[in-house]
Amino acid sequence: MGADSAAGRGVIRRAVAGQRRDVVAGSLLGACHQIGEALVPVLIGIVVDRAVVRPDGGALTLWLVVLAVVYTLLSYGFRFGARAGERAAEQAAHRLRLDVLRRVLAPHGGAEAGRPPGALVNVATEDARRVGAVNMALTLGVAAVVGVVAGAVLLLRASVPLGLLVLVGAPVLMALGHFLARPLEHRSEAEQEQAAHASGVAADLVAGVRVLKGLRAERAAVARYRATSRASRDANVRAARAAALQTGLMLTLTGSFIALVALVGGRLVLSGSIGLGALVSAVGLALFLPGPISVLAWVGAELAKGRASAARIADVLAAPGETTGGSAEPTVPAPGELRLNGLGHAGLDALDLTVRPGEHLGLVVTDPADAATLLHCLARRCDPDRGSVELDGVPLTELAPAALRSALLVAEHDAQLFDGTLLENVTAAAPAGTDPHPAMDAAAVDEVAATLPGGAHGRIGERGSSLSGGQRQRVALARALAADRAVLVVHDPTTAVDAATEARIAAGIRRARTGRTTVLVTSSPALLAATDRVVLVDGGTVAAEAPHEDLVRDHPVYRTAVLT
Amino acid sequence: MTTPPHTADEGAELLPVATAARTRAALRTLVRPDRGLALTGIGVLVAATVIGLLVQPLLGRIVDVVADGRPAGDLTLPVVLLIAVAAVQGVTTTLGLTRVARLGETVLARLREQFVERALNLPADRLERAGSGDLTARVTGDVARVTEAVRSALPEMARSVLAIGLTLGALALLDVRFLLAALLAVPVQLLTARWYVRRAVTLYADQRVANGAQQQQLLETIGGAVTVRGHRLEERHTERGADRSRKAVDLTMRSVNLVLGFYGRLHIAEYIGLAAVLIAGFWLVRDGAVSIGTATAAALYFHSLFGPVNAALVLLDDAQSAAAGLARLVGVTDLAEQPEPKPGKPEAAGRPEPGRLEPAGKPEPGRREPDGEPLPGEPEPAGKATPGKAAPASVPRQRVASPEAAVSVHAVSHAYGPGRPVLHEVSLTLAPGEHVALVGASGAGKSTLARIVAGVQQPTAGTVTGPTAGTVTAPAGPGGPSVVLVTQEVHVFTGTLADDLRLARPDATDDDLRAALATVDALDWAAALPDGLATVVGEGGHRLDAARAQQLALARLVLADPALAVLDEATAEAGSAGARALERSAGAALTGRTALVVAHRLTQAVAADRVVVLEAGRVVESGPHEMLRDADGPYAALWRAWSGSRAAPHP
């Protein structure tokens, strides 16, 4: 934790240093604002004292002009100070957001380990925002300190005893309020956390409304929601009661404090040691000072939140990669020979396999976990415990992951599509100027385009949400084919595609990848029948290899794996 | 997570938004049961504010005592009164705020419960027409905005408005000329408020959109990081992220500038009012109309208005966007109360309305009412299912459960809109206990037929008899549903695994749940979860992969225990090896039920009692797997294509 918070402090330091001009400007201008705010009640006192008590038109005009100047000063100070502070906050958050995004997308990966996407997005948005907000908190904090000091100077100039009373009393008052409210605050936070749950449950039920309808479970869902909603309501009422109590408490404390200041001030005026104006100013300042003091308390809370967020950001930025090392580039153009030498990792054991350049190989792995492990090793999402994988004679561990993936593409079963047009998705990974149509034809994406409003130029929605599962698979396959890598490894590309289309795709892949090394990790008989050779991996090692039809005829394990 | 295959939002027919008058009426109805709470809450807050207004005159009194040079003992009474005021103000404010909060929370709970209830009971085709995005946006965005307004803006606004009104009244009590002086600030404030709200509402809406877009883009990119890295799309996606982030930052800065400009203008108003009140004090004191203390109290009153005025004005845009959100929520809660309008959708003449046996009798021009005659060219269903013995023909449009058929659709046609026909006069009968596999290319109408058989979708024309009849919108009654539809759309409900399962049968015991999980081969992994059945799953909880989520859906099916189950590509989301396991689970879940299974893997067809082949919305073949495989029809061609070889041995 110590190291973590040190790294977190580094994140904050960089966030502040990167915006130091705005932070300094914001602090100075904010200080102007605070001084102005402190001066307003003092000036009200002076007007009463110099112009009203013994009516004097000249003095009134003079002091109203001074008041106008002070107003201009505080208004512009506030406006430009807050703008600088907000800009510093937003810019710092923007930079941090991109830092997090770059780290997540870095070729050696690893940032996602143990963090679901939602949590990482939270780090990139909320945590980045909180660390950025430290800049704003700093400017406001500096300004508030200046405000308190200005109030103190003004008070002490008017009257030392009255000044001391307010200066000591105001923080004591704040502390007392804070101390009395603390148990309430804790309770309220816990309550609110529980209450936030209700809106989440509602959104969740609505998101699953089709499933509920299919299940005819609307009534059960409504009953459940009602219970959650009621619990949330009760929690919120309790939280609101605590907050109301806190508000009432502060009102009573502040009011009593003002009464005390008025009493002491009144006696001082009567004893002749201060003027009437000083009393009015003191009352006004007693009302003003809790403002900047509570800003300071708020700044403290913001800084604490910023530190916690910074530690999380630092954690992500420093996450260890999935693999380390490797800087070599594969030969260009890569002939595309893939060789597994005694590969052992997780469930895989002494797996030997050679895929010849240009070969179309079917790979049937009986255990889905083994298939996943194998794909991870090929994409260098992990380095094998034993043995090696070689591309054109170079072990993958010596290759830079990004460079490797320029030559070898592992198109995973659950590969994701991205918001944009159908065509943009198909050509996303393709070399510039590639004609997308052969790939689209091979993956039967032309049929998908026909159903999409706008055809190939129609948008497919976030993660391709306006397409069906089978349509998404086809677009993902077309993207992999259009990428035109020296080696293409495709995992189960047609599980949600109907049989007729699957047969068309089997022929399409063969056509689109003629002369290019292609490995189909699948148990679809239609796809396997279109390969040159099929390797059966059972129990983590090679169990048989032959053309599909021979294996179907001769190998019972294969028959079970493929045809049932 | 997944969104079903309905295309694009262009054609989406959004859910209605209530008018302002209707929203107000709905709000009154929502508040009515708690009128007493509302009145006492406001009353106590008014009392608190009035009491608080005694502070300035009391301070003025002190000033007068001092200015007149009276004895120090005269200070005691106003000071004691100040303390008493502070105490009473504290207590009444606490009470008032608590009551207002309780009122707000109660009304809010009532509103969101009504909303969720209506939303979940919307007819499925209405949901499809609206698209899921609209409803989701309302349940997240609009509910949050209204909640936020009720929770923070409402009490603040109530106190501020009371403080402003009563303070102005108090100024008038001191001397009406103080009020007139103070009102000089109002024109500037009103103009400022109008200037601000006009810009703020659209700007903040844009900002929310930009933040949402950024969030979605990050979620998409980060969620798909493996794909991004694997396809070397890192740079493009970093650029996209930077672009969205920059847009959000720009909009935030624009709204910051707006708020700062707003405060700048309010400072002008403050100065005008304060100067005017001071000048009024100067004149009034000079003319002997008021005391110095009164003039001081007036100035302090005005100074104390700064906070409430700024708060009330800056909350105006919150209030406005909350009102807009409320109108969108009321639009949905009102839906079920009025007859559902069906704009632009061809209405089938004679389509049986729930609860009505006679045809509606309003034939539309250009549409021929399909009647119960057997259709030419339609192949007779083969296999052990005896076609419905002309039951639909003899009693057309009547919902008569035939003892011979678990479910029967007759001459059903469906179109999702004019010119978008999906099914053409399809007839299909399932005998009790029969398992029928529905096969065909994408777009052949399999899912639509499945939804109609499941009673989730009303066909444009034709009749449905059996347990699903009349169930289009009806949720399960006591005793559980008679038909359940499971699609490839998986959704794991947030909460414990047990809660998720109990949606299907709320009174199920833990043993029932375990038994259901065991039936679909899911008990092993479920028991191995960190907290077993009590493990929190779904969004934010333990993540289940697609295959497990689908097993969960099948376990729910087992718990719901319907006589008829419809599975629509319920095994498609898993990889091929996972699909096999899922098919086993599905087979177990369907044991003892009548089942219609939309099959994408032909192994499901092999296992079925009968295979029905759908092509372009028509049944083209029907019979057991072996028979169709050996015939020279479309199924045989499909089988050859799927098994990948003419030489493939018969399993």
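Buried residues make up 58% of the 564 residues in chain A. A residue is called buried here if 20 or more other C-beta atoms lie within 10 Å of its own, exposed if 12 or fewer, and partly exposed in between, with C-beta atoms placed from the backbone. For chain B, 52% of the 651 residues count as buried.

A word on what you are looking at. This is a predicted model, in which local features need pLDDT of at least 70, side-chain atom pairs count only at pLDDT 80 or more, and totals for chains, interfaces and linings use all residues. Residues are numbered from 1 along each chain as its sequence is written, and chains are lettered from A and ligands numbered from 1 in the order in which they are written.

On confidence: chain A averages a pLDDT of 89, and 96% of the residues score at least 70. pLDDT is the predictor's confidence in each residue, from 0 to 100. Within chain A, the lowest confidence is in helix α5 (residues 160–207), with a mean of 74, and the highest is in strand β8 (residues 517–521), at 97.

Now the overall form of chain A. Along the principal axes, the C-alpha atoms of chain A fill a box of roughly 115 × 60 × 50 Å.

Chain A has 19 helices and 10 strands, and chain B has 21 helices and 11 strands. These are DSSP runs numbered from the N terminus, helices being H or I of at least four residues and strands E of at least two.

In chain A, of the contacts with a separation of 6 or more, 78% are between residues 24 or more positions apart. Two residues are in contact if their C-beta atoms, placed from the backbone, lie within 7 Å. The corresponding share in chain B, for residues at least 24 apart among contacts at least 6 apart in sequence, is 76%.

How many residues does each chain give to the contact between them? Chain A gives 142 and chain B gives 145. On the side of chain A that touches chain B, the largest share, 32 residues, comes from helix α7 (residues 218–270) of chain A. By class, that side of chain A has 81 nonpolar, 33 polar and 28 charged residues. Ala, Val, Leu, Ile, Met, Phe, Trp, Tyr, Cys and Pro count as nonpolar, Asp, Glu, Lys and Arg as charged, and the others, Gly among them, as polar.

Next, the annotations. UniProt, in an unreviewed entry, places "transmembrane region" at several stretches of chain A, including residues 23–48 and 137–156. UniProt positions are given in the numbering used here, feature names are shortened, and annotations may be inferred rather than shown by experiment. In the model, residues 23–48 of chain A are 100% helix, with end C-alpha atoms 38 Å apart. Residues 137–156 of chain A are also 100% helix, with end C-alpha atoms 28 Å apart. An unreviewed UniProt entry also places "domain: ABC transporter" at residues 311–564 of chain A. That span is 36% helix and 22% strand, and its end C-alpha atoms lie 51 Å apart.

For chain B, the "transmembrane region" feature in the unreviewed UniProt entry includes residues 75–97 and 268–285. Residues 75–97 of chain B are 96% helix, and the ends lie 33 Å apart by C-alpha atoms. Residues 268–285 of chain B are 100% helix, with 26 Å between the end C-alpha atoms.

One helix in detail: α15 of chain B, residues 510–519, has B:Leu513, B:Arg514, B:Ala516 and B:Leu517 as its buried residues. Seen down the axis of α15(B), these fall within an arc of 160°, so they line one face of the helix; the arc is that of the directions from the helix axis to the C-beta atoms. They pack against α14 (497–502), α16 (523–527) and α17 (546–560) of chain B. Just after α15(B), B:Asp521 takes a positive phi of about 60°.

Last, some backbone details. B:Ala411, in strand β1 (residues 407–415) of chain B, has a positive phi of about 45° although it is not a glycine. Is B:Ala411 buried or exposed? B:Ala411 counts as buried because it has 22 C-beta neighbours inside 10 Å. A:Asp392 has a positive phi near 50° and sits in the loop between β4 (386–391) and β5 (394–395) of chain A. A cis peptide bond joins A:Val332 and A:Pro333, with omega about -10°.
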